[in-house]
Amino acid sequence: MRILQHLAAIQERINSAAAKAGRNPQDIKLVTVTKTIELQEIIKAVKAGVRILGESRVQEAQEKITNYKLQITNSKVQWHLIGSLQKNKAKYAVQLFDLIHTIDSIELAEEVDKQARKNEKTQRILVQIKLSEEEAKHGVLEKDLMDLLDKISNMNNLKLEGLMTIPPLFEDPEFVRPYFMRLREIRDKLSAKGYNLPELSMGMSNDFEVAIEEGATMVRIGTAIFGERG
Ligand SMILES: *Cc1c(COP(=O)(O)O)cnc(C)c1O
């Protein structure tokens, strides 16, 4: 019941942020972040209507996704990897995830492409960009972005759908706004060069409304749905 109420409240907030920005709320996908959350809670969230689940760690996700599929057959749920990916886990990531948000190097892209080919799969990906030094240590720097995108465009088993960022943490979401704006600007510049990057994965529990105002198409929300992680 609690999850159902939280989800309804989040959807309401997504709708008003979209309305404020003159956007269609249908264009904003909720990625429900389930890291550290137990399978039974996740199943409750799915029954409450959640359709995209986001996990941070491959190993944790592997156990959950396997058990989930044993319990819920014919599920329409998508699993997204939102945490950083090590090359040696790419093999598992390709088997588990519909979308990987965190491609940030040529080496990683090559490995994911290779594993996708082995699995006869086209792996949907986002490129994670690091916009500042204070940020989490992962993400490609802007100066290296064009090179990465050019290489990815020649990898046959990857389908690049957009960009993702994790800005530094601020209490006040207004301080995060410039990072969200920057990601959208980078995307728009790339669009002008012919890159089709519709998805912008940005915004978490504390700042998703600002992210939506700045163009987010995927917001990654955990705490506001499940409560503080233990
Ligand atoms: C944990 C996590 C989230 C969700 O954060 P909340 O503050 O719990 O909403 C979003 N994105 C990434 C990359 C995360 O690791």
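I begin with the second largest pocket, which has a volume of about 160 Å³. A pocket here is found on a 1 Å grid over the protein atoms alone, as an open set of points where a 1.4 Å probe fits, with protein on both sides within 12 Å along at least five of seven lines; lining residues have an atom within 4 Å of a point. The volume is the space filled by probe spheres set on the points, which are joined across faces, edges and corners.

Please bear in mind that this is a predicted model, in which local features need pLDDT of at least 70 and side-chain atom pairs count only at pLDDT 80 or more, whereas totals for chains, interfaces and linings use all residues. Residues are numbered from 1 along each chain as its sequence is written, and side-chain values use heavy atoms, with hydrogens and water left out.

The lining of this second pocket includes S56, R57, D104 and H138.

The largest pocket has a volume of about 460 Å³. Its lining comprises 20 residues, with K35, I166, L169, M204 and R229 nearest the centre. The ligand sits in this largest pocket, meaning that more than half of its atoms lie within 2 Å of the grid points.

Finally, the polar contacts, that is, pairs of N or O atoms within 3.5 Å. A polar side-chain atom of S205 lies 2.5 Å from a ligand oxygen. For T223, a side-chain N or O atom is 2.5 Å from an oxygen atom of the ligand. G222 instead contributes a backbone N or O atom, 2.9 Å from a ligand oxygen.

Methods
Polar contact = N/O pair within 3.5 Å; in protein donor to acceptor, adjacent residues only side chain to side chain.
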